[in-house]
Amino acid sequence: MANNSNSVSTDEAKALAWLLRWYAEMGVDLAVDAEPHNRFAEKDLQKPRRPAPPEPAIQRPEPRLAPSADATAQSATEAARAAQTLDELRAELLAFEGCTLKATATQLVFADGNPEADIMIVGEAPGADEDRIGRPFVGRAGQLLDKMLAAIGLDRRHVYIANVVPWRPPGNRTPTPIETSACLPFMRRQIELVHPKILVCLGAAATQTLLGTREGIMRIRGRWHEYDMEGEKIPAIVMLHPAYLLRQPSHKKFAWQDLRELAKMANKIGN
Ligand code: URA
């Protein structure tokens with residue numbers, strides 16, 4: 001411990017001796033000044049500073065505002081109206097830039113089945129398998145849908161299948177209302193061009209989008225509603241989505257009741 005300001009303690013002496021030894025080992029054998037100097041900083045100060053080169057002129061695009069929902073709806077409606085056939089509608093969708101899902105999806109998943117069918121089935125949106133293959137309902141939910149149809153004597157030759165949104169939402173999330181409404185004019189036109197006699201809404205997204213209802217799916221499933229096809233009313237039935245049934249197999253009994261309703265109506269119209 002230091003007794004006064006000039007004396008050093010044994011510990012301090014030991015530390016100083018250790019420091020000197022370390023200097024010697026590092027090759028420091030001459031004291032040039034009483035104060036330490038930062039030579040690197042001094043060197044930097046001496047260096048004549050070169051002026052920074054001028055930044056290359058970057059051609060920046062004019063800032064573009066994202067089109068409003070109204071403008072998107074307007075362009076979707078015009079594009080959909082312009083299509084006189086399903087092939088033209090498909091081409092219009094391929095050219096449509098108003099739905100952001102297009103940027104993350106692999107491809108457009110337009111439809112499957114028979115465009116001449118009397119029964120049109122509308123699901124929610126493509127999943128991973130559909131996105132890869134380019135056809136709706138080809139994954140596990142699709143296989144269950146095929147079994148459900150087979151249970152009432154139908155297959156893909158008897159139905160036309162599409163989704164309210166034709167691009168896969170990332171991670172199979174539910175499409176947002178903005179995404180759904182951007183695609184709605186195309187879906188409505190697709191229904192008009194197929195002109196089915198029966199519409200089947202599979203799950204809540206299709207039901208809410210096409211029938212404009214907020215009622216819970218368990219309350220409205222299995223009952224007949226009306227779809228307004230540009231002024232012409234067509235019968236529409238709400239059924240549980242096969243992806244939901246895969247998660248809730250105990251609810252398959254409801255799907256069976258709904259399928260029987262569908263079969264009755266299909267018989268009535270001669271299917
Ligand atoms: N679920 C849907 O709603 N649509 C498909 O195409 C596949 C799974």
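## The largest cavity

The largest cavity contains about 40 Å³ of space, a volume being the space filled by probe spheres set on grid points joined across faces, edges and corners. The structure has 1 cavity of 30 Å³ or more. On a 1 Å grid over the protein atoms alone, a cavity is a set of points where a 1.4 Å probe fits but cannot get out, while a pocket is an open set with protein on both sides within 12 Å along at least five of seven lines; lining residues have an atom within 4 Å of a point.

This is a predicted model, in which local features need pLDDT of at least 70 and side-chain atom pairs count only at pLDDT 80 or more, while totals for chains, interfaces and linings use all residues. Residues are numbered from 1 along each chain as its sequence is written, and side-chain values use heavy atoms, with hydrogens and water left out.

Among the residues lining the largest cavity are Leu93, Phe110, Asn163 and Met187. Helix α8 (residues 177-194) gives the largest share of this lining, 4 residues; helices here are DSSP runs (H or I, at least four residues), numbered from the N terminus. By class, the cavity lining has 7 nonpolar, 2 polar and no charged residues. Ala, Val, Leu, Ile, Met, Phe, Trp, Tyr, Cys and Pro count as nonpolar, Asp, Glu, Lys and Arg as charged, and the others, Gly among them, as polar.

## The largest pocket

Now for the open space. The largest pocket has a volume of about 630 Å³. Its lining is made of 26 residues, and Glu124, His241, Ala243, Tyr244 and Arg247 lie nearest the centre. The largest share, 4 residues, comes from α11. The pocket lining divides into 13 nonpolar, 7 polar and 6 charged residues.

## The ligand

Where does the ligand sit? You will find the ligand in the largest pocket, where sitting means that more than half of its atoms lie within 2 Å of the grid points.

Let's look at its polar contacts (pairs of N or O atoms within 3.5 Å). An oxygen atom of the ligand lies 2.8 Å from a backbone N or O atom of glutamate 124. A polar backbone atom of alanine 125 is 3.0 Å from a nitrogen atom of the ligand. In asparagine 163, a side-chain N or O atom is 2.8 Å from a nitrogen atom of the ligand.

Key. A polar contact is a pair of N or O atoms within 3.5 Å; within protein, one must be able to donate a hydrogen and the other to accept it, and residues adjacent in sequence count only if both atoms are side-chain atoms. Helices (H or I, at least four residues) and strands (E, at least two) are DSSP runs, numbered from the N terminus.
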